[in-house]
Amino acid sequence: MFAVTLSDLTRFGKPPLSEEAIIASAEATREELPHRLARRVLAHRSLPFIVGRNPYIAQVYNLYESSFQTLSAFPPIKTIEDNDKFTRTLDELVEDHSDNVPVLAKGFSECKPYLSEDEISNFFDRAVRNRIGIRLIAEQHLAYSFLTARQGKLSGGRQAKDSSQVGIVDIRCKPAKIVRSCGYHVETLCEGAYGVAPDLKIDGDVDAEFSYIPSHIEYILNELLKNAFRATADAYMQDASDKEIPPVTVTIAKSKSSPTITIRVRDAGGGIPPDILPKVNAYAFTTVNGQGSSQDSGVPDAEPDHRDDGPYGAQNAGGGVGLDDVSGLQSTSGHLAGLGFGLPLSKLHCEYFGGSLELVSLYGHGTDAFLVLKGEEAA
């Protein structure tokens, strides 16, 4: 199943769309989603019986199967009224699936005795990649319908002059703005958990912009900043001296030859021990409950927001998280902290559009996380 591209998502243009374009978008969505849902159903059926019977994994399987049946039975969309019915159905399905990744993570954490690390990794890689595609397609049509209805009549509405939204894509996405928003949110979490929080410094090309999906960046940055803030606060709390808590620094750089933006998240939280560093991208590896040091700033123990299983729940990552007694981070739908899925999921979301996520540890000092995002030129 091919990955969805940014060009695929924006091919119908900027909203408000014409009646013909909205119907075409709806039909393309109605035809494509059952194929992708069927792949998830078949993948779940290929799991060992004892794994498939796990209540959490079975819950997700049942949702995929029922969603496939619902959409494959939906009649062709020929009018705006048909699209209204379709979007109501689609919106309900999106909400039904909003907790899939945390639920699956819980299920696979219970099934580790029955599956190898490679089997868990291979299944999750395919599941998340396919899920990203499903959610992109569904959310883009919902966003098109919503923005078109909001901005004017289908046949004659005028596009807002300052609008940079093409559905879920922002054609003038500014990473620095997202960094500030995520930093404020994570700082609040850190202060609540530790009583202290490092400052966040942003430098580099703070005016850089490109065409991308903001919720992807927000999701990944929340993950990286939570790890960096936690590591820094841990190191500071364990330091008997009166040293000032070091800042977390985010540097933004835009390529001169392509619409590629690199973001470096740097902390002075002690770094990742050499014996743990090779494991941080493995699913179900965690430093919680004794598997590693609490100072592992890049370790995948912080959870994605339940509205976004990545960026796809309500299509806005970040927010909606509280505190737990282990890492100071918890989703409102259940714990993914401590299950070891945060960093590998972030890495998959980076790679979906051709980017990357790499960690460099200076053990004894801190960790640098390098996030490379490949988008399109800002319009």
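This is a predicted model: local features need pLDDT of at least 70, side-chain atom pairs count only at pLDDT 80 or more; totals for chains, interfaces and linings use all residues.
Let's start with the strands. Strands of a sheet pair through backbone hydrogen bonds, either parallel or antiparallel. Here, 5 strands make up an open sheet with mixed pairing, and their order is β3-β5-β6-β10-β9. The edges belong to β3 (200–204) and β9 (356–362), and each has a single partner strand, so one side of each is left without a neighbour in the sheet. Going from one strand to the next, the twist averages 15°.

Now look at one end of that order. Strand β10 (residues 366–374) pairs with β9 in the antiparallel sense, over 7 bridges. Which residue of β10 is the bridge partner of Leu362? That would be Gly366.

## Helices across the sheet

Helix α8 (residues 175–194) lies across β3, β5 (248–254) and β6 (260–267), and its direction is at about 170° to β3. Helix α10 (residues 342–352) lies across β9 and β10 instead, running at about 135° to β9.

## A mostly covered helix

How many of the 11 residues of helix α6 (residues 100–110) are buried? The count is 9, so this helix is mostly covered, with "buried" meaning under 20% relative accessible area. Among the buried residues are Val101, Val103, Leu104 and Phe108, along with Asn100 and Ser109.

## A cis peptide bond

Most peptide bonds are trans. The one from Pro15 to Pro16, however, is cis, with omega near 5°. To find Pro16, look in the loop between α1 (6–9) and α2 (19–45).

Key:
Residues are numbered from 1 along each chain as its sequence is written. Side-chain values use heavy atoms; hydrogens and water are left out. Buried means under 20% relative accessible area, exposed over 50%, partly exposed in between (1.4 Å probe, protein chains only). Helices (H or I, at least four residues) and strands (E, at least two) are DSSP runs, numbered from the N terminus. Two strands pair if DSSP finds at least two bridges between them. Axes are lines fitted to C-alpha atoms, for helices over the stretch in contact, and angles run from 0 to 180 degrees between N-to-C directions. Contact means heavy atoms within 4.5 Å.
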